[in-house]
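Reader: I am new to this structure and would like to understand the terms applied to it. Might we go through them with the model in view?

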Amino acid sequence: MQNSRLFPLRRLSRIHVIGTLRDGLECLLHCAERQVPVAFFTYTGKLRCQMYFPVVENSIISHWLEHVDFDVEARQIYDDWLHHQTLHVISQIGFSEGARETRFQRLSEKLRHICNSKMGHRDFGDALDWLSGFFAVHLSQIIVDHGLSNQSAGKRRLMKDISPVCEIWLIYNLAVTANKRKLKVSAQSMSDLYQQHADDIEYTARRMLSQLATRLESIV
């Protein structure tokens, strides 16, 4: 339990509600109306749903993502962009084993092995549920900020394709932390761990989207 605390609305970037909500719904609606997304989690870290204010698609990314499936040039640009973003994150982690085509899979397997051995299979799974849920809410907010509506096919595509790239960074930091100390997996500990790296994750995701927009703008 924590004591009640007051925050100016402008200081809130997102709100996480864990467990059963007994009161305060009107306050959460007020936040969502002012573009502060609210996410609801179970006590074990499963993301249940999000509450957000609808936006209208109005960006170069939202326009061209509609063409990716049937425009050859747009598809090539998108695939190249995703491939290079994946390699960039892998290089930031400092992993260079194996061929480029299989490097992401090898890195994922290695990091998961470290986490399983240091934390145990169950704790690692619980930790990943928390971190993946926090990240899904965060990434959703960033994509909407780039002009894609919450229910659009373009947003769903970006969520599906960007999530594995950024989640490997989260698993890496989880492995680093688990190597240093014993981790007790809880809502608070995983929230603290995520917040330690939230700025880096946001920078990475926004950089990825900005570079995608720049590449798509080159299409004549």
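Predicted model: local features only at pLDDT ≥ 70, side-chain atom pairs only at ≥ 80, totals over all residues.

Reader: Why is Trp 81 called buried?

Author: Buried means under 20% relative accessible area. Trp 81 has 0%, so Trp 81 is buried. Tyr 78, with 1%, is therefore buried as well.

Reader: What makes the aromatic pair of Tyr 78 and Trp 81 tilted?

Author: Planes under 30 degrees apart count as stacked and those over 60 as edge-to-face, the rest being tilted. The planes of Tyr 78 and Trp 81 stand at 50°, so the pair is tilted. Both residues lie in helix H3, 3 residues apart, about one turn of the helix.

Reader: Why is the pair of Phe 41 and Phe 134 called edge-to-face?

Author: The ring planes of Phe 41 and Phe 134 meet at 65°, which is over 60 degrees, so the pair is edge-to-face. The ring centres are 5.2 Å apart, and the limit for a pair is 6.5 Å.

Reader: What does the pair of Phe 41 and Phe 134 tie together?

Author: Phe 41 belongs to strand E2 and Phe 134 to helix H5, so the pair ties together parts 93 residues apart in sequence. Both residues are buried. Ring pairs also link Phe 41 and Phe 134 with Trp 130 and Tyr 194 in a cluster.

Reader: Which residues have the most contacts inside the largest nonpolar core?

Author: They are Leu 158 and Leu 174, in a core of 57 residues. Helix H3, strand E2 and helix H5 are among the elements that each supply at least two residues of this core.

Note on methods:
Residues numbered from 1 in each chain as written. Heavy atoms only, no water. Core = buried A, V, L, I, M, F, W, Y, C linked by side-chain atoms within 4.5 Å. Buried < 20%, exposed > 50% of the residue type's maximum accessible area, 1.4 Å probe, protein only. Helix = DSSP H or I, 4+ residues; strand = E, 2+ residues; numbered from the N terminus. Phe/Tyr/Trp six-rings, centres within 6.5 Å; stacked < 30°, edge-to-face > 60°.
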